[in-house]
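The sequence and structure come up next.

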Amino acid sequence: MSKLKSVFACNECGAQAPKWTGQCPSCGAWNSLIESAVTRAPASDRQARFGSAPGAAAQTLQQVPMEGVARMSTGLAELDRVLGGGLVAGSVVLIGGDPGIGKSTLLLQALAALSQHAPVLYVTGEESTQQVAMRAHRLGVSAPAIRLLAEIRVEQIVNCAASEQPRVMVVDSIQTVYTDILQSAPGSVAQVRESAAQLTRFAKQAGVGLFLVGHVTKEGALAGPRVLEHMVDTVLYFEGDTGSQFRMIRAIKNRFGAVNEIGVFVMTEAGLREVGNPSAMFISRHGDAVPGSVVLATQEGTRPLLVEVQALVDDAHAANPRRVSVGLDQNRLAMLLAVLHRHAGVSMTDQDVFVNVAGGVRVMETAADLAVLAAALSSIRNRPLGKDLVVFGEVGLAGEVRPVQRGEARIREAAKLGFKRALIPAANMPKKPEAGIELLPVRRLSEALELLFA
Ligand code: TYD
Ligand code: MG
């Protein structure tokens, strides 16, 4: 009889079964059994684990030697920025994103730059080596030093990497990789988790910087329901409309840097090109000021970013008027409209309200509140707000305008781009005036609307 290599463990209660069943025999949960590898620790290991061998001694924080982390530049300043200043040796980075968004392109470009200083290995499970070579040719990256491997068995990948000894390695994608230990198909939760665990272990041992590419499912989660996110050091999402040229890379988790940092690229004929000054790109250039358009000074990670918030308010033709938001929080929109009614006396109950952030940017901070309301009002009154105005501020349920973080950085960015007026929360008023921009501090929503639509 063959030796048992895998078991099925229940996600809910942890009970194990030798075979998959629809219902856990122990706790009765449905569809909770997930295959996992049986790992038998060697005797010496077990001894260490259970304490018969001398373990590590506790120490104080001061005793821990401070080693600076060694970082490598990926040659793409925007990618370095989201990584927290470059790729840390021995760290594992998961890059998620929709198919076709440009993950392979980005990593190939990064490897080409990295290969000039260190040996690199590109493991392709999705495309043949010819396809990768053709893409490299198209991108115009001449990187004779990039080593290529077309392989999907994880044990084989680790073996090959052990002999190649790269400093940086890409596995594209983790969903195609499988291990012999498990019977489930590549791409299943169990396979993704086990393969990633083996690759991560290797990367940590060998001090290899490892990029794992992961596809995003329709629901927007990294396939293998988030199982990878806690295993790796850094999680980056590559996003943007496939219809538009813009691509944004966002850090969701980073053990070596700030989260919510974004890097901005455009996809061109010759691959991804960095956008050094994204503010200028996201503000569309209308000839004249148009109703329903307001420029918002938002904050992404450590960087202020100016984006255009657009609103369209129109007579509703159904009993339930629509509230649709793209790039902004839908529930927050409904809340803001209620505040507008209660504290500024403007009712939109018989109107459809659509709001959108131009350029496919997602703004999830509350500092967008004031801009959303200003845009909605500008649209319903059909009054443009002027092209030289920038707005930010949170709106509370009591109709107050609340301060947001890093107000001065936002004002400075707006001034730098030539905006002349800024509507800001009074509590964000800087001590020194900023040259070239008039500041309009407000405490209440009603005050703000009076200023804008007087
Ligand atoms: P790709 O990197 O293959 O995406 P992923 O690995 O995330 O699935 O990117 C594929 C898309 O990018 C494809 O639709 C074509 C486009 N593209 C360009 O526009 N210019 C280029 O130079 C390259 C290489 C790709
Ligand atoms: Mg790809």
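Predicted model: local features only at pLDDT ≥ 70, side-chain atom pairs only at ≥ 80, totals over all residues.

A polar contact here is a pair of N or O atoms within 3.5 Å.

| Residue | Protein atom | Ligand 1 atom | Distance |
|---|---|---|---|
| Arginine 135 | polar side-chain atom | oxygen | 2.7 Å |
| Glycine 271 | polar backbone atom | oxygen | 2.8 Å |

How much of ligand 1 does the protein cover? On its own the ligand has 550 Å² of accessible area, and the protein covers 75% of that. Helix H3 (103-114), helix H4 (129-139) and strand E13 (262-268) are the elements that each give two or more residues to the shell. In total, 16 residues surround ligand 1, and the closest are Gly100, Lys103, Ser104, Thr105 and Arg135.

The axes of H3 and H4 come within 11 Å and cross at roughly 70 degrees. Angles of 65 to 115 degrees count as roughly perpendicular, so that is how H3 and H4 are placed relative to each other. On the H3 side, Ser104, Thr105, Leu108 and Gln109 make the contact, meeting Val132, Arg135, Ala136 and Leu139 of H4. By class, this H3 and H4 contact has four nonpolar residues, three polar ones and one charged one.

Finally, the backbone. Which form does the peptide bond from aspartate 172 to serine 173 take, cis or trans? This bond is cis, with omega near 0 degrees. Serine 173 belongs to the loop between strand E9 (168-172) and helix H6 (189-206). Asparagine 31 is worth a look too: its phi is near 50 degrees, a positive value in a residue other than glycine. You'll find asparagine 31 in the loop between strand E2 (16-17) and strand E3 (33-37).

Technical notes: Residues numbered from 1 in each chain as written. Chains lettered and ligands numbered in written order. Heavy atoms only, no water. Near = heavy atom within 4 Å. Polar contact = N/O pair within 3.5 Å; in protein donor to acceptor, adjacent residues only side chain to side chain. Areas by Shrake-Rupley, 256 points an atom, 1.4 Å probe, with all protein chains shown as cover. Helix = DSSP H or I, 4+ residues; strand = E, 2+ residues; numbered from the N terminus. Axes fitted to C-alpha atoms, helices over the stretch in contact; angles between N-to-C directions. Parallel < 35°, antiparallel > 145°, perpendicular 65-115°, else oblique. Contact = heavy atoms within 4.5 Å. Nonpolar A, V, L, I, M, F, W, Y, C, P; charged D, E, K, R; others polar.
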